[in-house]
Amino acid sequence: MKKFSLGTKLVCSFLSVALITLIIGVFGIVQMRNLEKSGNAMYEENVKGLSEVSELNQMFLSMRLAIVYAISNKFLWNNDVSSLKTKMEEMDKEGLAQVAKLDKSIASADDRKVFDKFKADLGAYLPIRDKMVAALIAGDKEGSTEALKSGTQIGNAVTTGLKQMMEMEIAQAKKKAEENAITSTRATWMATIGTIVGICLSIGLGVILTIIITRPINKVIEGLSDGADQIASASSQVSSASQHLAEGTSEQAASLEETSSSLEEMASMTKQNADNAGQAKAMMGEAGHIVEKVSGHMDEMARAINEITKSSEETSKIIKTIDEIAFQTNLLALNAAVEAARAGEAGAGFAVVAEEVRNLALRSAEAAKNTNRLIENTIKAVHGGSQLTKLTQEAFQENIAIAGKIGQLVDEIATASEEQAHGISQVNIAVAEMDKVTQETAANAEESASASEELNAQAEQMKSYVQDLGAVVGGNGHNGAGHQARSLRESSYVGGGVRKLLALTDKSGGNGKKQARTAGRGSAKGKSIHPEQVIPMEEDKFHDF
Amino acid sequence: MEQAAMTVGAVSAGTQEKREGKYLTFCMADEEYGIGIRKVKEIIGMMIITSVPQTPGYVKGVINLRGKVIPVIDLRLKFGIESIAYTERTCIIVVEISGGDRKIQMGIVVDSVSEVLNIKPGDIEDTPTFGSTMDTDYILGMAKMEGGVKILLDIDRVLNDRDFQDIAGAA
């Protein structure tokens, strides 16, 4: 049963009620028809039969009467009765036809027995009558009277038979009427029972149908109510979330502005850096030149020192020569002393001379040593000076190298500063875009806030609709106050939405946000979310209930 | 041993007079030595020494002194002192030593020559014995001078017989 749609169910139940009615009606009609048939049969068989028998009886009686009349006619008035034969023949024809007709309509065995007896009697009577008629026509009084007497008995038998037949017909009719009564009573009972059953069934179907329809609808109503509640709560959550989002976005926008301003500062500082770097580079160039000059002078000084050293060395060599001479002189003096010693006494004076020569040699050696020492000192000093010069040169070289490196670094600084400035400008652009995006987000947040407000209102509306539906379904059980509540909520929705927007507007400050505000407001008006969008309630889906 | 002691005593008694006189002092390995002036023939500066093969290590070679070929020994190596490089002060003392009955001229490489000193006998002390194993007869004595001791060498004994033959053979 659940798979059928409501319409189908309704149609089915009404169809079943109709069917019951039809059954009852058909039954009644059938019974009527049976009654009619029975009545008809009664008429056809019994009434008609009765009338026919009655007619036959009448004919017989009229025949007998004709005969009696004829007798009276002949014998009393002595009229001509020759026409009696033809009359009799006519009557016979009619009567026999009638008998034949009757014969055809005889159905039951009893009727047949009686009819046969009648026919037999009639068959016995007719010759007698003929005889009588003949006698009558002939004027045979005695013969006709005899025939009449014999005929009377049989004629009476015929009449009795006819009467019996009539009674039988009547009895049959009566039976049939009784049967009809029984049938009618039965039919009445059955119709009544059927009607009662039909009523019960209809009521039962109605109740079941109602239950089947209302219970799911109630469930649906409950579900819708719950859903509407949840939607309302969810939409309030969304509203608060979007409010938060709007707040956060406005904060973000503020911090973005701060960032932007600090970036500008950074940009100006970077430019200054670049300028300074350029100046430093120029100065480094000058310093490099100076250092080069100094280096050249240092080279010259080194050369001069070298020359000094060389001359000192040469002087030293000369001194060395002098020293050698002194040494050799010493040796000579020693040799002289040796010879003097060998010479003994003769060489005593020579020994003295040798001694003096040796002294002189020693003195020269001493002088040479002193001079050598001085020269060595000089050389040492000069060497020291040369070393210092070299060190200074090296230092200057290092200086140059360092200056070169500094120049490189300054170059790099300049390049880096340029790139930094470039990067800062790009970051500026990005921040501006971020600001734009933030504003858009703020607008979107406000939109979503208003949309959620709408959603809330629509949920309330839906709730009221559901209540109405409940009222339709339940009548007294649910309050049908949905209409009034709906109109109230509609007005509150507009006010609430505007209030929300104003609240958001108050929190956000600054020029760029006006755009977002107007955008939010406009969109709130233009875009209205219908409940159908939220909860689709199309017709065909409704049938599923 | 007794013989050595007696020799020393004989020397000391007999050579007191012998030992005084003029000595040519020279320096070697930071020590002052002295050779009797009578033994010294000549003092010359360092000159090229032609080395002679198959000679003892201390025999440096020979030199050409005014046409005369004189063998040269390194006194350092003779004394077993480590040899050093020759400086401009290094000299060759040409000594005349008598071995047996011959007089041989020989050059001695010394570090430097100092002076000719007249040493009085009072300044000369006998060589102290450093134990019996030491052969110190090549030392005439020890001359006391201010601040130090000069070892007076008996050049004749510095080179013993065998050396003599070798050197004589070389020359």
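Is the crossing of α3(A) and α4(A) left-handed or right-handed?

What you see is a predicted model, where local features need pLDDT of at least 70, side-chain atom pairs count only at pLDDT 80 or more, and totals for chains, interfaces and linings use all residues. Residues are numbered from 1 along each chain as its sequence is written, and chains are lettered from A and ligands numbered from 1 in the order in which they are written.

Now, back to our pair in chain A. Helix α3 covers residues 109–138 and helix α4 covers residues 141–343; helices here are DSSP runs of H or I with at least four residues, strands are runs of E with at least two, and both are numbered from the N terminus. The axes of α3(A) and α4(A) come within 8 Å and cross at roughly 155°. An axis is a line fitted to C-alpha atoms, for helices over the stretch in contact, and the angle runs from 0 to 180 degrees between N-to-C directions. That angle makes α3(A) roughly antiparallel to α4(A), a label for angles over 145 degrees. And the crossing is left-handed: the near helix is turned anticlockwise from the far one by less than a right angle.

Who sits in that contact? For α3(A) with α4(A), there are 18 nonpolar, seven polar and six charged residues. Nonpolar covers Ala, Val, Leu, Ile, Met, Phe, Trp, Tyr, Cys and Pro, charged covers Asp, Glu, Lys and Arg, and the others, Gly among them, are polar.

Let's stay with α4(A). At 1.5 Å a residue, a straight helix of 203 residues would span 303 Å, yet α4(A) spans only 264 Å between its end C-alpha atoms. One bend in α4(A), of about 30°, falls at A:Thr152; a bend is the angle between axes fitted to the seven residues ending there and the seven starting there. After α4(A) comes A:Gly344, with a positive phi near 80°.

Next, a second pair. Helix α1 (6–76) and helix α2 (83–105) of chain A have axes that come within 10 Å and cross at roughly 160°, so α1(A) is roughly antiparallel to α2(A). This crossing is left-handed too. Their contact holds eleven nonpolar, four polar and six charged residues.

Finally, how do the chains meet? Chain B brings 14 residues and chain A ten, where contact means C-beta atoms, placed from the backbone, within 7 Å. On chain B's side, β3(B) gives the most, with five residues. That side has eight nonpolar, one polar and five charged residues.

Methods: Angles under 35 degrees count as roughly parallel, over 145 as roughly antiparallel, 65 to 115 as roughly perpendicular and the rest as oblique. Two residues are in contact if their C-beta atoms, placed from the backbone, lie within 7 Å. The expected span of a helix is 1.5 Å times one less than its number of residues.
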